Amino acid sequence: MLQYHFNWKTLSVIAGITLWNFYFRLYPGAIRAPQVVAFLKHLLAAHSRKAAVVWDRLPAHRSRVVQQFVAAQKGRIHIEYLPAYAPELNPTEYIWGHAKHHKTSQRLPQGLRRVETRSRRALRNMRRRPTLITAFWKQASLWPE
């Protein structure tokens, strides 16, 4: 009998995508309300315009802390939710798929730190390719005509 005891450690990523660019942050563990608020602050600091945010139904997105933060922005952030179970409509899902299948090594890196380093490098490389980002929007069928 073969046994292996896993000690899973997680690395999560959150992203916001514009028509030609995307922004991301990596966090140890799961994405929770404080990380969502921190990311929204990061986006607001990077852009002076109003933001339309389209989210899946992650509990952190719907949390009271996040909702209070959004309300405090007095209309600077507009929230829309994707239908339940519709990842194909979310262009950020195509970011993750492309990174996993084309940008990261097929070998499992040793240690969470290496996973983080490789992931950050892959995502930064992808950010430099606006045509790739446009393709993610088109795959999600959300490209404005």
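Confidence in the protein chain is highest in helix H2, with a mean of 96, and lowest in helix H3, residues 91-103, where the mean is 73. These values are pLDDT scores of a predicted model. Over the protein chain the mean pLDDT is 79, and 83% of the residues reach 70 or more. Residues 1-8 stay under 50, and the model gives this stretch 0 contacts beyond four places in sequence.

The protein chain contains 5 helices and 4 strands. Read from the N terminus, their order is β-β-α-β-α-β-α-α-α. Among contacts between residues at least 6 apart in sequence, 61% join residues at least 24 apart.

The surface can be described next. The protein chain has 145 residues, of which 36% count as buried. Its accessible surface comes to about 10,200 Å², and carbon and sulfur atoms account for 54% of that area.

One residue can be followed in detail. Serine 63 sits in the loop between strand E3 (51-55) and helix H2 (64-72). Is serine 63 buried or exposed? Its relative accessible area is 17%, and because the cut-off for a buried residue is under 20%, serine 63 counts as buried. A polar atom of the serine 63 side chain lies 3.3 Å from the backbone nitrogen of valine 66.

Definitions and conventions
Residues are numbered from 1 along each chain as its sequence is written. This is a predicted model: local features need pLDDT of at least 70, side-chain atom pairs count only at pLDDT 80 or more; totals for chains, interfaces and linings use all residues. Side-chain values use heavy atoms; hydrogens and water are left out. Helices (H or I, at least four residues) and strands (E, at least two) are DSSP runs, numbered from the N terminus. Buried means under 20% relative accessible area, exposed over 50%, partly exposed in between (1.4 Å probe, protein chains only). Contact means heavy atoms within 4.5 Å. Accessible areas come from the Shrake-Rupley method with a 1.4 Å probe; for residues, only the protein chains shown count as cover. A polar contact is a pair of N or O atoms within 3.5 Å; within protein, one must be able to donate a hydrogen and the other to accept it, and residues adjacent in sequence count only if both atoms are side-chain atoms. pLDDT is the predictor's confidence in each residue, from 0 to 100.
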